[in-house]
Amino acid sequence: MTELQTTTRPRRPRPKAVTLTDAAAERVQEIMTNAERPYVALRVGVKNGGCAGQEYTFAYAEQIEPLDEVVEDKGVTILIDPKAILFLIGSEIDYETTKLSSKFVFRNPNQTDACGCGESVTIIPAKALDA
């Protein structure tokens, strides 16, 4: 019997699950700097709610959980809740300020609809690539 030899070749870089605009990265940095205690990152997720069915969520993360997707972009770290990853793949997170509001905005290719007020969305999960 012959021994199977394996060689380790470098993996190509994996694309980020989500990206942040400069404005979003600056706002995340500001939020983390002004937090009442040190946190490791902001956790982004999706929950059921609102008239369109789902809402984006942000929460302080005290630790990185084993299944969190860690995204480092433009000098900040965000975590993606593992239950939300298929809903958020390919999204760009922006931060916009208008005369009436300041908020994070998701440009999500998986989003199919949104309610009139913009607080909730309908998202279909990304499909796995065929091997």
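This note covers confidence, salt bridges and the surroundings of one threonine in a predicted model.

1. Basis. The model is predicted: local features need pLDDT of at least 70, side-chain atom pairs count only at pLDDT 80 or more, and totals for chains, interfaces and linings use all residues. Residues are numbered from 1 along each chain as its sequence is written, and side-chain values use heavy atoms, with hydrogens and water left out.

2. Confidence. The protein has a mean pLDDT (the predictor's confidence in each residue, from 0 to 100) of 85, and 86% of its residues reach 70 or more. Helices (H or I, at least four residues) and strands (E, at least two) are DSSP runs, numbered from the N terminus. Where pLDDT is low, the predicted coordinates should not be read in detail.

3. Salt bridges. Side chains of opposite charge can pair when their charged atoms come close. With a salt bridge taken as a side-chain nitrogen of Lys or Arg within 4 Å of a carboxyl oxygen of Asp or Glu, the count is nine.

4. The pair in α1. Arginine 27 and glutamate 30 form a salt bridge at 2.8 Å, N to O. The two residues lie three apart in helix α1, so about one helical turn separates them. Accessibility is classed as buried (under 20% relative accessible area), exposed (over 50%) or partly exposed (in between), with a 1.4 Å probe and protein chains only. Glutamate 30 is partly exposed at 43%, and arginine 27 is partly exposed at 23%.

5. Two further pairs. Lysine 47 and glutamate 55 are joined by a salt bridge of 3.7 Å, N to O; lysine 47 is partly exposed at 43%, and glutamate 55 is partly exposed at 21%. In the salt bridge between aspartate 73 and lysine 74, the closest N and O atoms are 3.9 Å apart. Here aspartate 73 is buried, at 8%, whereas lysine 74 is partly exposed, at 46%.

6. Threonine 21. This residue sits in the loop between β1 (18-20) and α1. Threonine 21 is buried, at 15% relative accessibility. Its side chain reaches the backbone nitrogen of alanine 24 at 3.2 Å. Beyond neighbours within four places in sequence, threonine 21 is in contact (heavy atoms within 4.5 Å) with Lys74, Glu92, Ile93, Asp94, Tyr95 and Arg107.

Conventions: Polar contact = N/O pair within 3.5 Å; in protein donor to acceptor, adjacent residues only side chain to side chain.
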